[in-house]
Amino acid sequence: NQNKNLNIQPDKVYDLLSNSKNTILLDVRTKEEVIEKKINNSINIDFYSDDFKDSILSLEKSKTYFVYCRSGRRSLNTVEFMREYGFKESYNVDGGIIKWNDLSLPLK
């Protein structure tokens, strides 16, 4: 399964975020979803927006990205896209914000 190395568990992401300045948490949900709840310090780029791909490609390739959505589907698509374009350190937050919440990790 090629997706194995693309996925990372939410609790691992939480630990890594607190230790690194070179790490970006990317939220690819819609604005409406973000208003409801989000993970602290995440950057939002809406998966369904017209300029989604351009916005992603304008990001710095040298950084590490943890990408999340509601359940992990949009974010996995995003990570596959990012990897294709040279974002070597991009990972899908497995299970999305749903799993993050289930693990009682902090939300805003």
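Leaving out residues up to four places away in sequence, glutamine 9 touches Asp94 and Lys99, where contact means heavy atoms within 4.5 Å. Glutamine 9 sits in the loop that links strand 1 (7-8) to helix 1 (10-19); here helices (H or I, at least four residues) and strands (E, at least two) are DSSP runs, numbered from the N terminus. This is a predicted model, in which local features need pLDDT of at least 70 and side-chain atom pairs count only at pLDDT 80 or more, while totals for chains, interfaces and linings use all residues. Residues are numbered from 1 along each chain as its sequence is written, and side-chain values use heavy atoms, with hydrogens and water left out.

Back at glutamine 9, aspartate 94 is 85 residues away along the chain, yet the two C-alpha atoms are separated by 5.3 Å. The side chains of glutamine 9 and aspartate 94 also make a polar contact (3.2 Å). A polar contact is a pair of N or O atoms within 3.5 Å; within protein, one must be able to donate a hydrogen and the other to accept it, and residues adjacent in sequence count only if both atoms are side-chain atoms. Glutamine 9 is partly exposed, with a relative accessible area of 34%. On this scale buried means under 20% relative accessible area, exposed over 50%, and partly exposed in between (1.4 Å probe, protein chains only).

As for the overall layout, the protein has 5 helices and 5 strands. Read from the N terminus on, the elements go β-α-β-α-β-α-β-α-β-α. The radius of gyration is 13 Å, close to the 13 Å that the globule rule gives for 108 residues, so the protein is as compact as a globular protein of that length. That radius is taken over C-alpha atoms, and the globule rule is 2.2 Å times the number of residues to the power 0.38. Along the principal axes, the C-alpha atoms fill a box of roughly 35 × 30 × 30 Å. Of the 108 residues, 44% are buried. Among contacts with a separation of 6 or more, 66% come from residues 24 or more positions apart. The accessible surface comes to about 6,400 Å², and carbon and sulfur atoms hold 46% of it; accessible areas come from the Shrake-Rupley method with a 1.4 Å probe, and for residues only the protein chains shown count as cover.

Next come the strands, which pair if DSSP finds at least two bridges between them. Strand 1 pairs with strand 5 in the parallel sense over 2 bridges, and asparagine 7 has asparagine 92 as its bridge partner in strand 5. Strand 5 (residues 90-93) in turn runs parallel to strand 4, with 3 bridges joining them. Tyrosine 65 faces serine 90 across this pairing, and phenylalanine 66 stands opposite tyrosine 91. Between strand 4 and strand 5 the chain passes through helix 4 (residues 73-84), and this β-α-β crossover is right-handed (with the strands pointing away from the viewer, the path from the first strand over the helix to the second runs clockwise).

Strand 4 also runs parallel to strand 2 (residues 23-27), and 5 bridges join these two. Here leucine 26 stands opposite valine 67. Leucine 26 has a bridge partner in strand 3 as well, namely isoleucine 43; strand 2 and strand 3 run parallel and are joined by 2 bridges.

In a regular strand the side chains alternate between the two faces of the sheet. Strand 4 (residues 64-68) is covered on both: Thr64, Phe66 and Tyr68 on one side are buried, and so are Tyr65 and Val67 on the other. Strand 2 shows 5 of its 5 residues buried, with Thr23, Leu25 and Asp27 on one face and Ile24 and Leu26 on the other. Strand 5 has both faces covered too, with Ser90 and Asn92 buried on one side and Tyr91 and Val93 on the other.

Serine 42 belongs to the loop between helix 2 (31-36) and strand 3 (43-44). Serine 42 is buried, at a relative accessible area of 12%. Neighbours within four places in sequence aside, serine 42 is in contact with Leu25, Asp27 and Tyr68. The side chains of serine 42 and tyrosine 68 make a polar contact (3.1 Å). A polar atom of the serine 42 side chain also lies 2.7 Å from the backbone oxygen of isoleucine 39.
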